[in-house]
Amino acid sequence: MQLVVMAAVLAVAGAGQGCSFGCHLTNISIPVESCGGTEFVYTTICAGQCYHEDPVYIGHDDWAEQRVCNGDWSYEVTHIKGCPVGVTYPVARNCECTVCNAGNTYCGRFPGDISTCLSS
């Protein structure tokens, strides 16, 4: 019995390896175009899931506050080889879960499946 319990504990502990639910900076590469050429630049974005719990009852004028992963952004400029025109691209400096701003963000429910560490 102890062996079964230990195997279950190790399986659950190992399942979270390399998994991050929280809002965090993530390195990505994005294509930028200028003067007919395209190059990839490395930048950071905010990624991850913010905790949200649907209430049991929502009245007609009472909505649950949705939180999204967002952060402070700045912009950097790069030059594609042989092109005098600079290309501006976004860079996330830090990330946190903040109240969703419907003015610039989709605040509705995600229509698809959201993978979790245990099911991916």
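1. Helices (H or I, at least four residues) and strands (E, at least two) are DSSP runs, numbered from the N terminus. On that basis the chain holds one helix and four strands, which follow one another in the pattern α-β-β-β-β.

2. This is a predicted model, in which local features need pLDDT of at least 70 and side-chain atom pairs count only at pLDDT 80 or more, while totals for chains, interfaces and linings use all residues. Residues are numbered from 1 along each chain as its sequence is written, and side-chain values use heavy atoms, with hydrogens and water left out.

3. The average pLDDT (the predictor's confidence in each residue, from 0 to 100) is 75 for the chain, and 62% of the residues score at least 70. Residues 1–17 have pLDDT below 50, and beyond near neighbours in sequence this stretch has two contacts in the model (heavy atoms within 4.5 Å). Where pLDDT is low, the predicted coordinates should not be read in detail.

4. The whole structure contains four disulfides, each a pair of cysteine sulfur atoms within 2.5 Å. One of them joins C35 and C83, with the sulfur atoms 2.0 Å apart; the torsion about the S-S bond is about 55°, so this link is right-handed. C35 is exposed at 54% relative accessible area, whereas C83 is buried at 7% (buried is under 20%, exposed over 50%, partly exposed in between, with a 1.4 Å probe and protein chains only).

5. The disulfide of C46 and C95 has its sulfur atoms 2.2 Å apart and is left-handed, with -90° about the S-S bond. It links C46 in strand 2 to C95 in strand 4, 49 residues apart.
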